[in-house]
Amino acid sequence: MYTPKHFAVDDPAELKAFMQHYNFAALVTFDDGQLTATHMPFMLDTERGEHGTLIAHMARANPQWRTFASAQEVLVIFTGPHAYVSPSWYEAAPTNVPTWNYTAVHAYGVPHIVEDHDAVYAMLDRLVREHEASFQPSWPMDSSSDYVHRLINGIVAFELPVTRVEGKYKLSQNRNQSDHDSVVTHLSTSVDPLAAATADMMRRQSP
């Protein structure tokens, strides 16, 4: 990922937190001269490996999982808040052009399939628990355990130890403080929730 120095994010804790929060990502593989991408939720086990281990699953009918046999490096793209930035928000508006503020993390590694049925069930249960935690009442997967066990044959679960990770937060760090603050102000008042989230991210990243 092209990342000018002032947009680079290197803090391991920040990168892991980003992947955990914006966990619906795109898995990109290359095999036999063809690129393939699948969008799916990921979990991150922060205790395994320097950069953590990603955990996910896809439909068995999706042929992408067969590319794992090549043991080639794959890419997982996580994207966070992003928004259009108007040059009219800068002090010297006539001499500027529009841009886009955004946040992204790229994780790389070699995936391997998890074959053990009980291990796959445990992975699915963890995914459900993480996403049901804020719901009242929450849905327990145990309530449909027999059905889930039957459906497991229709998916392929895998783990991806992250061997390298790149982070990029393009959030007007290359602008002066006045321009930066003006962008935050304008994005904060937007009706677009992504724009407002971008403003929040800019505030948290501001020195």
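Biologist: Where is the place of Pro137?

Modeller: Pro137 sits in the loop between α2 (117-132) and α3 (145-151). Keep in mind that this is a predicted model.

Biologist: What kind of peptide bond joins Gln136 and Pro137?

Modeller: The general idea comes first: most peptide bonds are trans, and most residues other than glycine have a negative phi. Here the bond between Gln136 and Pro137 is cis, with omega at about 0°.

Biologist: Which residues have a positive phi without being glycine?

Modeller: Ala71 is one of them, with a phi of about 55°, and its place is the loop between β5 and β6. Ser172 is another, with phi near 65°. Ser172 belongs to the loop between β9 and α4, and it is buried, at a relative accessible area of 3%. Asp32 also has a positive phi, about 55°, in the turn of a hairpin.

Biologist: Which strands form that hairpin, and how many residues lie between them?

Modeller: The hairpin is made by β2 and β3, with two residues between them. Strand β2 covers residues 24-31 and β3 covers residues 34-41; they pair in the antiparallel sense over eight bridges. In that pairing, Asp31 stands opposite Gln34.

Biologist: Now a helix. Which residues of α1 are buried?

Modeller: Start with the geometry: an α-helix has 3.6 residues a turn, so residues three or four places apart point the same way. In α1 (residues 12-21), the buried residues are Leu15, Lys16, Phe18 and Met19. They lie on the same side of α1 because they cover an arc of only 160° around the axis. On the other side, Ala13 and His21 are exposed.

Biologist: What do the buried residues of α1 pack against?

Modeller: Their partners are the strands β1 (8-9), β4 (43-45), β6 (74-85), β7 (99-109) and β9 (155-170), together with helix α5 (193-205).

Biologist: How should I read the largest nonpolar core, and which residues touch the most other members?

Modeller: Look for the members with the most neighbours inside the core. The core has 37 residues, and those touching the most other members are Leu27, Phe42, Leu54, Val76, Phe78, Phe158 and Leu187. Elements giving two or more residues to this core include α1, β2, β7 and α4 (177-188). Strand β9 gives the most, with six residues.

Biologist: What does Phe42 touch?

Modeller: Leaving out residues up to four places away in sequence, Phe42 touches Asn23, Ala25, Leu27, Leu54, Ile55, Ala56, Val76, Phe78 and Phe158. A second, separate core of 14 residues includes Ile55, Val114, Leu124 and Ile152.

Biologist: Is His180 buried or exposed?

Modeller: A residue counts as buried when its relative accessible area is under 20%. His180 has 9%, so it is buried. This histidine lies in helix α4, and a polar contact of 3.4 Å joins its side chain to that of Asp181. Beyond residues up to four places away in sequence, His180 touches Leu171, Ser172, Arg175, Met202 and Ser206.

Biologist: Last, the whole chain. How many helices and strands are there?

Modeller: The protein chain has five helices and nine strands. Of its 207 residues, 43% count as buried. Among contacts with a separation of 6 or more, 74% are between residues 24 or more positions apart. The chain exposes about 11,400 Å², with carbon and sulfur atoms supplying 56% of that area.

Key
Residues are numbered from 1 along each chain as its sequence is written. This is a predicted model: local features need pLDDT of at least 70, side-chain atom pairs count only at pLDDT 80 or more; totals for chains, interfaces and linings use all residues. Side-chain values use heavy atoms; hydrogens and water are left out. Two strands pair if DSSP finds at least two bridges between them. Helices (H or I, at least four residues) and strands (E, at least two) are DSSP runs, numbered from the N terminus. Buried means under 20% relative accessible area, exposed over 50%, partly exposed in between (1.4 Å probe, protein chains only). The arc is that of the directions from the helix axis to the C-beta atoms. Contact means heavy atoms within 4.5 Å. A nonpolar core is a set of buried Ala, Val, Leu, Ile, Met, Phe, Trp, Tyr and Cys residues joined through side-chain atoms within 4.5 Å. Accessible areas come from the Shrake-Rupley method with a 1.4 Å probe; for residues, only the protein chains shown count as cover. A polar contact is a pair of N or O atoms within 3.5 Å; within protein, one must be able to donate a hydrogen and the other to accept it, and residues adjacent in sequence count only if both atoms are side-chain atoms.
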